[in-house]
Amino acid sequence: MYNWRKLIDKLFTYIVIAVSIVAISPVIHLIITVLLNGTMVIVKTGINFFISLPPTPFSKDFGGIAPAIVGSLLMTFISLPITIVLGLFAAILTTEFPKNTISIVIDTIAKSLASIPTIAVSMIVYTIIVVPMKSFSALAGSIALTIVSLPYAYTYFSTTLRSVPFTYREAAFSIAMSRWSTVLKILIPVARRGIATAILMTLARILGETAALLFTAGRFRNGVTISPLAPADAIPLLIFDFVLSPYEIWRQVAWGASALLLLSYMIIFFAVKFLVKEVKL
Amino acid sequence: MNLLAVEMKNVNVYIGDRHILKDVTLKIFNNTVFVIMGPSGSGKTTLLRVINRLIDLIEGARVEGYVKVLGFDIMKSDPYELRKNIGMVFQIPNPFPHLTIYENIAIAARINGVAKDKKELDNIVRWALEKAMLWDEVRNRLHDYPHQLSGGQRQRLCLARALAMKPKLLLLDEPTANIDPVNARKLEEAIVSLKDEVTVIMVTHSPYQAARVADYVAVFYDGKVVEQGPAQQLFLRPSTEITQKLLRGEI
Amino acid sequence: MSLTVTELERLKSILIHMAKNIENILYTTKKLMEVNNDSEREKTWQEIENTSVNLETIRREFVNEVLIFIARRQPLGRELLLANALISIAYDMYRISRYCREIARIDSMLPLSSKLNTIRNLQTIFEEAIKAVEASLNDLIDFTPKRSNIVKEIDNNIDEIYREIIQEVTTNSVVPREKAVKALIMRHIERIVDHAQYIEQYLSSIP
């Protein structure tokens, strides 16, 4: 009887391990495929991958994705801070005053914004910004990205702040700290791991967002622009276009771009893990 | 000037629909250890949080009646100013986890302007830790974090933090409830030794702890004050059946 | 019924058992004052001696048990006062038995012709004392001081008699042996009734 139970125990352990491997393997496969194919391209091109313009359909040289990199960076630099600041403030507001009407409104808006399809957001921004401006622009792209990522940023921050045990807030008040002092000196520092993760998640979302940029950024690949009012390119857009194209060279460049994106994620991820110290409760 | 640290008259407290404190009238004298004793759920914790207005943090809380703390009508006072004179130690030790031992105490001292430069701050940190009977154990590790301390040490750290404000009133909410007996004893000794400098109000559900520590006792049951008076009298000749049952450990 | 209360009831019952012994020893001592038979006297002294020694042992063990009860149950309030009363009453009872022993000793040292039964009124006085102790012991059984008036009255009377005899002994330069012995015995009787009074007082101290 004893051995029978042990057997079942082992059996279940193996089943769980097997299922887990099945679940993870697509992700691992994806990472490996992208890295393998992409890094080959990057290595072949060297530094030019980062500073050259994309190749013409029939050239033999891979060229580079400089416009896409610059465009992505530009739009991230514009939309990420705005999203973080707005999201964090909103999260602080709803955590501090949960029963206030404004807080309830914010909460509701966040939930509904999250359910709008990103392509619809793209179309809305097209109508409101691109048409009056009479051109695509990095600005329009940034606005679309902000709208899309704001609800998620708010939710991440909100969850993190709420997960700080109530007792620390009580302790802070008991030593006569003001409400905002408590938020700045206690709440946020204790939640720093979670906040860093939230920022990272938002960054990941912004970097990888494609549909929101479809009708807003402009796909300008013939040169590198730094003006936010001019049309721009973005890495995901480039991947989207080049993968669907009939030209082999473009498809290769798309692999390279994907690998670049993936590598960036991994670097940022591990940086956060090591740089932001966990607060042990 | 004023002999009374806390005075309450006909205080009723509601949280939402629930009537937590019912017509409470109390007098707490300066420089004594006043123990509030009673079974769980009798309203003792709520009472403490009324005194330093931490009850403001609780949704739907309503306080009616006259409450005078350190000479001030608390409803008409600025809660932050009030709290600068009241230190509190909670049931579950809650030192700030992201600050070192030194910083945990320093933050309390700095906020209340008690220390002006580094030297004064060092002195206060040492004084607070000595009063909390923790100095000898942490003198060489002031820059360690609270998670490296044992539960009993953490609680004494919280006591030190509360004392760093040099408060006139110290509120303790079942401070030894989650501590081992040896540390609990140390904490009790520290509490009794503080009598000269602060007025101590402690909540406990153990009549034995109350017997060890109290000068005055108020017995709480179902949100009402059942009996209050000098500890000696209450522990030898209680005048109500509820107190007697409490002392016997039946409720 | 909590453990504390059951324990206390058990301790009380031990005390009441001691009380029965006290009653016996008092009646035995009384025999010395009424009986004339010499052979009986020896036996009586021995009986009193043995009972007294036993009571001392019982008392010591009893106090130990009460102390253990206090350490274990940590009583407060009424139960604490009760525990104190039990220890004190046990001592009072033991003292009563000691005085009986002293009286027996005096009797054993007297010449055959002048034993206690020859002293005037001694038996009646001792019977009063026994009444007082019985009242207090009954109050112990009922655990309420309702007969304290009786004890107080007898205490006053005995005190009066004691004072008279001391007066007689101290004012004369020569005192006949009977009077001297009576004075000695009276002292013991007066203490016996005092201890009965103490028992009443302890019973009154418990709310």
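**Which helix of chain A is Leu145(A) found in?** This close-up of a predicted model starts inside helix H6 of chain A, residues 138-162, and that is where you'll find Leu145(A). Is Leu145(A) buried or exposed? Leu145(A) has 31 C-beta neighbours inside 10 Å, so it counts as buried; the cut-off for that label is 20 or more. If we skip the neighbours within four places in sequence, Leu145(A) is in contact with Met75(A), Ser79(A), Ile206(A), Glu209(A) and Ala212(A). Have a look at Leu207(A) too: it is 62 residues away from Leu145(A) along the chain, yet the two C-alpha atoms are separated by 9.1 Å.

**Stepping back, here is chain A, built with eleven helices and zero strands.** The C-alpha trace of chain A spans about 70 × 65 × 30 Å along its principal axes. Chain A has 281 residues, and 37% of them are buried. What share of the contacts in chain A between residues at least 6 apart in sequence join residues at least 24 apart? That share comes to 73%.

**Chain A is assigned two parts, domain 1 (2-46) and domain 2 (66-280).** The C-alpha centres of domain 1 and domain 2 of chain A lie 30 Å apart. Where they meet, domain 1 of chain A puts in eight residues, and domain 2 of chain A puts in eight residues as well. On the domain 1 side of that contact in chain A, you get five nonpolar residues, three polar ones and no charged ones.

**Next up is the place where chain B meets chain A, with 21 residues from chain B and 17 from chain A.** On the chain B side, the elements giving two or more residues are helix H2 (79-83) and helix H3 (101-111) of chain B. Sorted by class, this side of chain B holds twelve nonpolar, five polar and four charged residues. Of the two pairs of chains in contact, chains A and B share the most contacts.

**Chain B also touches chain C, in a contact with eleven residues from chain B and ten from chain C.** Which element of chain C gives the most to this contact? Helix H3 of chain C, residues 78-109, does, with four residues. The chain C side is made up of four nonpolar, four polar and two charged residues. What about chain A and chain C? They do not touch, and their nearest C-alpha atoms are 34 Å apart.

Strand S9 of chain B, residues 216-221, pairs with S10(B) in the antiparallel sense over six bridges. To pick out one bridge, look for Ala218(B), whose partner in S10(B) is Gln228(B).

Methods. Residues numbered from 1 in each chain as written. Chains lettered and ligands numbered in written order. Predicted model: local features only at pLDDT ≥ 70, side-chain atom pairs only at ≥ 80, totals over all residues. Contact = placed C-beta atoms within 7 Å. Nonpolar A, V, L, I, M, F, W, Y, C, P; charged D, E, K, R; others polar. Buried ≥ 20, exposed ≤ 12 C-beta atoms within 10 Å, placed from the backbone. Pairing = 2+ DSSP bridges. Domains from an automatic or database assignment.
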